[in-house]
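Here are a few notes to read alongside the model. Take them one at a time and find each place in the viewer as you go.

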Amino acid sequence: MKEFWFRFYKNKLAFAGLIILLLFLIMALFAPLLAPYDPYQMNPGAMLNAPSSDHLFGTDQFGRDILSRIIYGSRISFKVGIISVGISLFIGVSMGIIAGYYGGILDNIISRIMDVMFSFPQIFLALVIMAVLGTSSTNLMIAIGLVYIPIFGRIARGSVLSIKDSLYIEAANSIGVNNLVIMLRHILPNIMAPIIVQTTLSFGFAIRAEAALSFLGLGVEADVPSWGIMLNQGKDWMEMAWWNAVFPGLSATLAILSFNILGDGLRDALDPRLRNDID
Amino acid sequence: MNDLKQKDEIQKGFYQHKEKLLKIKNLKKHFISQKGLFFGKEVRVKAVDGLNFDIYKGETLGIVGESGCGKSTTGRLLLRLIEATEGEIDFDGIDLMSLGERKLKKMRRRFQMVFQDPFASLNPRMKIKHIVAEPMKTHGLYKDKRKKKVEELLEAVGISRSYLNRYPHEFSGGQRQRIGIARALAADPQFIVADEPVAALDVSIQAQILNLMNDLQAEFGLTYLFIAHDLSVVQYISDRIGVMYLGKMVELAASDLIYDKPLHPYTQALLSAIPLPDPEVKTERERLTGEVPSPINPPAGCSFHTRCPHAFERCQTETPEFREVEENHFAACHLY
């Protein structure tokens, strides 16, 4: 573990990613304290104001403070990220472990379902699910969660296949440990590394998907301050008030980028092929 | 000669008083794989091809043979870690082969395994106190005294209790094998299959582990099936030795008997290959020529006839029966 932290710390880029994400997280958690204005408060006297000392990132067409809306927008991004990644993590990893451990017909059924889900472009699949379920933030989280299940499924299944013939699994079997306990106690902890990496990367995907779907009007409710909705509304005022679209776009990009470099850094730090094992 | 006779007497006593713990009849394991997509030929690897032997309570039965002869497969078959193709295993009056999944899991506390590779057989993410406690946890034993029992077990195998919270990678190969043995003992088993437990260790450590296993056998009244390819190791620890060749047992007798008077030509060749630590002694080696035939397509008749210096016509056509050639000395060879 110490070794891992050292290796991770040495990776400056990934460390920067972690810091930025922590800042975003603080922003989301303490939004009411940090935001200078109420994000819903319209102000007819300050419509489409350019960035100034009063409104750091300017105001939108209703006079709402863009900085405050971005700060509140990080809440919905993280909420969607955590819940939808949670859904795909839980379902995907369970299915992957079951498929990899039992093999045979069960593996075939689960893997083919994953293949079918994989064959659709992810955003398209999320769009279809949203169209069926209807727009609401709950449905959005379900849709994004469902879409990323097969990624976790495949990673878990592959990792299980690589360790399920290990002697310590056979040893557990020879002791008489039942299959569920073998999967939870012996397999899961030993396949965590690639799953942790994928979870981090998936946060980025989920935030992107949330922004994209909200941009298309199939995401969260239209009055919620979300980076995607802000982008959508801002694009109409691009020529007169560039700050309306640029700042939400930048924050989304920064958050996604941070998750990606953090994920890459974690992968480098956790990858056993790069590690020179002393034992 | 007198010595031999005395040994014979001892052996006879041994066979009379001991009860049989395991009776193995016609045990077979064929690995079948299909070659080609649709109408491929069936490829049948006869890893274990008809074993008949008994294991007595409290003894150490050594199994030797070249790599690929089916020793490890035999060990795993006896514990039903892999399913046999055919045959019967009677464990202390219980028909192991007919047990359902749930009953088998419960039975598993009575027979355990010690693995060859101590680096791979311990879960790297578990502390050793949890590794050793796992069999008790699984079978619901020693509910309140589990911690104490773990300490006792580790002490019995020579691991200090101050290491309880460490992970496997913090130990040396010999120490890990000790932990593996402690785990195998945790559920108070009667029978332990040791699959080349010292093959991965240094020679100096090998002796320590073998002595430990001997001591534990006396202390807990264990029965061992000890698999190895190193003849000196097997001789050191075993009461009886079975020699395997291409999935079949070719000779089985008390360990002294087999070393003093090997019957099967394969056993003779194996024994003459043991190096003696004396440069003055010129050994007359019986060298075997050729390779071990593939178990996919074993030779007809006696599977050893392709390499046997004494082979004659009958060996090519007729499979020799594994029978009691002399008292308590089994062999499968047409010479006797």
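1. Across the interface of chain A and chain B there are 11 residue pairs in polar contact, both residues being at pLDDT 80 or more. A polar contact is a pair of N or O atoms within 3.5 Å; within protein, one must be able to donate a hydrogen and the other to accept it, and residues adjacent in sequence count only if both atoms are side-chain atoms. This is a predicted model, where local features need pLDDT of at least 70, side-chain atom pairs need 80 or more, and totals for chains, interfaces and linings use all residues. Residues are numbered from 1 along each chain as written, chains are lettered from A, and side-chain values use heavy atoms, without hydrogens or water.

2. On the side of chain A that touches chain B, α9 (167–175) and α10 (179–187) each give two or more residues. Helix α9(A) gives the most, with seven. (Helices are DSSP runs of H or I, at least four residues, numbered from the N terminus.)

3. Two salt bridges link chain A and chain B, a salt bridge being a side-chain nitrogen of Lys or Arg within 4 Å of a carboxyl oxygen of Asp or Glu. Look for Arg185(A) with Glu134(B), whose closest N and O atoms are 2.5 Å apart.

4. How many residues are in contact? 16 of chain A meet 26 of chain B, with contact meaning heavy atoms within 4.5 Å.

5. About 1900 Å² is buried between chain A and chain B, and carbon and sulfur atoms give 55% of that. Leu167(A), Ser174(A) and Ile175(A) lose the most area in chain A, together 34% of what that side buries. Buried area is the accessible area (1.4 Å probe) lost when two parts are put together, summed over both.
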